[in-house]
Amino acid sequence: MIGAKVVALVAPLVAFGCYGSSTDAGTPIAIDPAVIYTQMCMRCHGPDGKGDPELKKTLPMRDFTDAAFRTRRSEEVEQVIMAGKNQMPPFGQALSMPKIQAMAGYVRRLGRK
């Protein structure tokens, strides 16, 4: 009797994919670093990557157009995004590695403009 009740409870889970070893992660969603930058970075670094002029008066602010920044390797930029630096908070818990990599490329491209 108990076996029939267990089967009755588990069968819908298996049928609808809620139980088992499915590796389907769902539909892939494209990473849009411009959107992430607007949401997480622009208030401090500004829309052009030069840094918010008012915040720069009181906080050290990375200017992405600075020649010294532009010589940095992507891995260095990724590390700062992940772990934070000085007043910048870490984003390693909030962003996946592909998003961090996309953000590193995005801020480096901002510096070229």
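In which helix is the place of His-45? His-45 sits in helix α3. Helices here are DSSP runs of H or I with at least four residues, numbered from the N terminus. The model is predicted, so local features need pLDDT of at least 70 and side-chain atom pairs count only at pLDDT 80 or more, while totals for chains, interfaces and linings use all residues. Residues are numbered from 1 along each chain as its sequence is written, and side-chain values use heavy atoms, without hydrogens and water.

His-45 has a relative accessible area of 10% and is therefore buried. Buried means under 20% relative accessible area, exposed means over 50%, and partly exposed lies in between (1.4 Å probe, protein chains only). Neighbours within four places in sequence are left aside for the contacts of His-45. Its partners then include Tyr-37, Asp-52, Arg-62, Phe-64 and Met-88. A contact requires heavy atoms within 4.5 Å.

His-45 also belongs to the lining of the largest pocket. This pocket holds about 600 Å³ of space. Of its 25 lining residues, His-45, Arg-62, Val-80, Lys-85 and Met-88 are the closest to the centre. A pocket is an open set of points on a 1 Å grid over the protein atoms alone, where a 1.4 Å probe fits, with protein on both sides within 12 Å along at least five of seven lines; lining residues have an atom within 4 Å of a point. The volume is the space filled by probe spheres set on the points. The lining comprises 18 nonpolar, three polar and four charged residues. Ala, Val, Leu, Ile, Met, Phe, Trp, Tyr, Cys and Pro count as nonpolar, Asp, Glu, Lys and Arg as charged, and the others as polar. At least two lining residues come from each of α2, α3, α6 and α7.

Helix α7 covers residues 97–110. Its 14 residues reach 20 Å from first C-alpha to last, close to the expected 20 Å. That expected span is 1.5 Å times one less than the number of residues. Among the buried residues of α7 are Ile-100, Met-103, Tyr-106 and Leu-110. The cover over the buried residues of α7 includes α2, α5 and α6.

Two salt bridges were found in the whole structure. Each needs a side-chain nitrogen of Lys or Arg within 4 Å of a carboxyl oxygen of Asp or Glu. Lys-57 pairs with Glu-54, with 3.1 Å between the closest N and O atoms. Both Lys-57 and Glu-54 are exposed. Glu-75 and Arg-73 form a salt bridge at 3.6 Å, N to O. Glu-75 is partly exposed at 46%, whereas Arg-73 is exposed at 51%.
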